[in-house]
Amino acid sequence: MAKIDALLNFLNEHPEKKVVITGFADAQTGNPRYNMTLSRRRAEQVAEILTGKGIAKERITLIAKGDTEQPFARAEQN
């Protein structure tokens, strides 16, 4: 939540900015189909928090990567 709050503050301070929210899932758990759904839900949940705090939907783009990319070395971070 701290990262979401920081993002919310930034977006409120810079109303001309947009954000891309990318959801990920760990490749070592689940299957590709489930992980894609999970990563999409994760991104959507962040977007719901932002819109619930007043950020316009038009400023938010969602991307779901599933388990196709592993940006972090530790599984629990993905």
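**Figure 1. Overall view of the chain, with its two helices and two strands.** Along the sequence the elements follow the pattern α-β-α-β; helices (H or I, at least four residues) and strands (E, at least two) are DSSP runs, numbered from the N terminus. The C-alpha atoms fill a box of roughly 40 × 20 × 15 Å, taken along the principal axes. Of the 78 residues in the chain, 27% are buried, where buried means under 20% relative accessible area, exposed over 50% and partly exposed in between (1.4 Å probe, protein chains only). Among contacts (heavy atoms within 4.5 Å) with a separation of 6 or more, 70% join residues 24 or more positions apart.

**Figure 2. Close-up of helix H1 (residues 2-13) and helix H2 (residues 32-52).** The two axes come within 11 Å and cross at roughly 45°; axes are lines fitted to C-alpha atoms, for helices over the stretch in contact, with angles running from 0 to 180 degrees between N-to-C directions. H1 and H2 are therefore oblique to each other, since angles under 35 degrees count as roughly parallel, over 145 as roughly antiparallel, 65 to 115 as roughly perpendicular and the rest as oblique. H1 contributes Ile 4, Leu 7, Leu 8 and Leu 11 to the contact, and H2 contributes Val 46, Ile 49 and Leu 50.

Figure 3. Ser 39 has 0% relative accessibility and so counts as buried.

**Figure 4. Close-up of the salt bridge between Lys 65 and Glu 69.** The N to O distance between the two side chains is 3.0 Å; a salt bridge is a side-chain nitrogen of Lys or Arg within 4 Å of a carboxyl oxygen of Asp or Glu. By this rule the count comes to one salt bridge. Lys 65 is partly exposed, at 24% relative accessibility, and Glu 69 is also partly exposed, with a relative accessible area of 38%.

**Notes.** Residues are numbered from 1 along each chain as its sequence is written, and side-chain values use heavy atoms, with hydrogens and water left out. In this predicted model, local features need pLDDT of at least 70 and side-chain atom pairs count only at pLDDT 80 or more, whereas totals for chains, interfaces and linings use all residues.
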